[in-house]
Amino acid sequence: MKMAITRKDQKDLEKLAWEQMAVGSKNSSIGSRIRKLMASFIALICITYVMYSVNLLLSSYSCSHSLNCSMNCTQESHPMVLLNASIKVSNNSLKQSNNTIKKAVVFPNAIVSDRNTETDLKHIVFGIAASAILWDRRKEYTKLWWRPKETRGFVWLDEKVRLNNKADLALPPLRISSNTSHLKYTNKQGHRSALRISRIISETFRLGLPDVHWFVMGDDDTVFVLDNLVTVLSKYDHRQMYYIGSLSESHVQNIFFSYNMAYGGGGFAISYPLAKALESMQDGCIQRYPGLFASDDRIQACMAELGIPLTKEPGFHQFDIYGNLFGLLAAHPITPLVSLHHLDIVEPIFPSRTRVQALQHLFKAVKVDSAGTLQQSICYDEKREWSFTVSWGYAAQIFRGIFSPRELEMPSRTFLNWYRRADFTAYAFNTRPVTRHPCQKPFVFYMKNVKYDNSTKITLSNYVRDGVKPPECRWRMASPETIERIRVFKKPQTVSIRQARAPRRNCCRVISSRQASIDIEVGKCKEGEISGL
């Protein structure tokens, strides 16, 4: 049975249908708005990210191509200080960022150094620690290596000294260290002079010399090989903080002071940014360590507070040893010779000469080929079963029998430890004993002269027997007793920064042999060449 629908019911149904349609339409409209809002939000994030990336890239590019780009860049460039280094970024400046002008204010006493140049001798400033009592004698060591009008630096004394002659005017300028009476020193075994010596780098820095990359510290009995020093320092970025030097030869010394300390007698180098940081805090640092013994350990204590480790370069030689240096010099590390120290304590490095005369003789080789001086090479005479070592510019040796390079590259103990009661285990490097077997004692030849041939571009150095009569040997083999001279032919050694970072020992070859002389060629190793049979 069908029920009749009245007009009123029909109107109610229509009204209900319209209300449902309206609610559906409203819900659909809200969802659409939410989707549009989310899309807009995501688009805004993307645009912001793109703008930030573009700004960052443009700022980095500008910083790397401008000396005055921002505060971060100028902190490395001494001593430019930018007070208004902010860069305003806008739609127009993003398109023209390379032409953005940054205003800089320079302190009146600031010295702008060209940090993009490679290190040369003119970029190094020396601070030499000396005393008035010893200067008159030790200045002879400084005369050996100082180059007037080329080298820069100062000798720092405790009091004034009198200049004796015109030759003294060719030495570094003399300065008197400032008063240190306000600083504490409580070490009963040491001397207060350690305070003034430890401040030499800072006092030299305050003089405000232009175009300085490195400050180099040394003593008045330290001898530097300048060209090799430049080679070694050129390996490092002088715009960064570097503390470069070497350890003592004595293990006990290194334990007592620190294996992280550069010894000032052997010399050490401090880059300009590190010297600047040291100068600003050193007096306060010194006050915190009144009980330390020397100047070296005070500087290392400040390096520790600054967080700068020691970068070790074995060419700096402290020589905390006594006696004959022959074993060390005849087996020098594969690195340029940078410095020699304690020359008043050890024996003359060449026999029958005074200490100064012996060093003058060594510098004949330094002037011809500083990079090759003391560089060891090892080769063999297979037929006669002899081993040869050449420490160029110093000495050559012949050994009966075949000795491995691993053995010959170790210094023989011709010297004594800094602590006389210590045995060979108290050295900070490997050594080998001086042989007692009469047949294994080396025949030693010292450099007599050296010259450079302009036509062939080759050096010729002559080495003659030391005159010591060899002990009797009963081995049934050829004896080097008849050999009186060794001639060594070698091209002057040039060391690039790449080679300095990846050193290799030179090779040598016996090219001819006569009854009383032997000719040896020394040079870079050829492809596949080794020191061995």
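**Entry 1: S352**

I looked up S352 and found it exposed, with a relative accessible area of 81%. Exposed means over 50% relative accessible area, buried means under 20%, and partly exposed lies in between (1.4 Å probe, protein chains only). This is a predicted model, where local features need pLDDT of at least 70, side-chain atom pairs count only at pLDDT 80 or more, and totals for chains, interfaces and linings use all residues. Residues are numbered from 1 along each chain as its sequence is written, and side-chain values use heavy atoms, with hydrogens and water left out.

S352 is not a glycine, yet its phi is positive, about 65°. Most residues other than glycine have a negative phi. I placed S352 in the loop between strand 10 (339–340) and helix 12 (355–368). Helices (H or I, at least four residues) and strands (E, at least two) are DSSP runs, numbered from the N terminus.

**Entry 2: L374**

Next I checked L374. Its phi is also positive, near 70°, and L374 is not a glycine. I found L374 in the loop between helix 12 and strand 11 (376–381). Is L374 buried or exposed? L374 counts as buried, at 0% relative accessibility.

**Entry 3: A395**

I turned to A395, which sits in strand 13 (residues 395–400). A395 is buried, with a relative accessible area of 3%. Which residues does A395 touch, leaving aside its neighbours within four places in sequence? I listed F326, T389, V390, F445, Y446 and Y463. Contact means heavy atoms within 4.5 Å. I also noted V464, 69 residues from A395 along the chain. The C-alpha atoms of A395 and V464 are separated by 8.8 Å.

I traced seven strands in an open sheet, in the order 3-2-1-4-7-6-8, with mixed pairing. Two strands pair if DSSP finds at least two bridges between them. Strand 3 (174–176) and strand 8 (311–312) stand at the edges; each has a single partner strand, so one side of each has no neighbour in the sheet. Strand 6 (residues 243–245) and strand 8 run parallel and are joined by two bridges. I looked for the partner of I244 in strand 8 and found T311.

**Entry 4: helix 7**

Helix 7 (residues 226–233) lies across strand 1 (124–129), strand 4, strand 6 and strand 7 (268–271). I read its angle to strand 1 as about 120°. Axes are lines fitted to C-alpha atoms, for helices over the stretch in contact, and angles run from 0 to 180 degrees between N-to-C directions. How many of the eight residues of helix 7 are buried? Seven are. Among them are L226, N228 and L229.

**Entry 5: the largest pocket**

I looked up the largest pocket and noted about 890 Å³ of space. A pocket is an open set of points on a 1 Å grid where a 1.4 Å probe fits, with protein on both sides within 12 Å along at least five of seven lines; lining residues have an atom within 4 Å of a point. The volume is the space filled by probe spheres set on the points.

The lining has 36 residues, and S193, I197, D219, S295 and D296 lie nearest the centre. Helix 4 (132–145), helix 5 (193–198), strand 4 (214–219) and helix 10 (295–306) each give two or more residues to the lining. Helix 5 gives the most, with four residues.

**Entry 6: the whole chain**

Last, I noted 14 helices and 19 strands in the protein chain. Of its 533 residues, 46% are buried.
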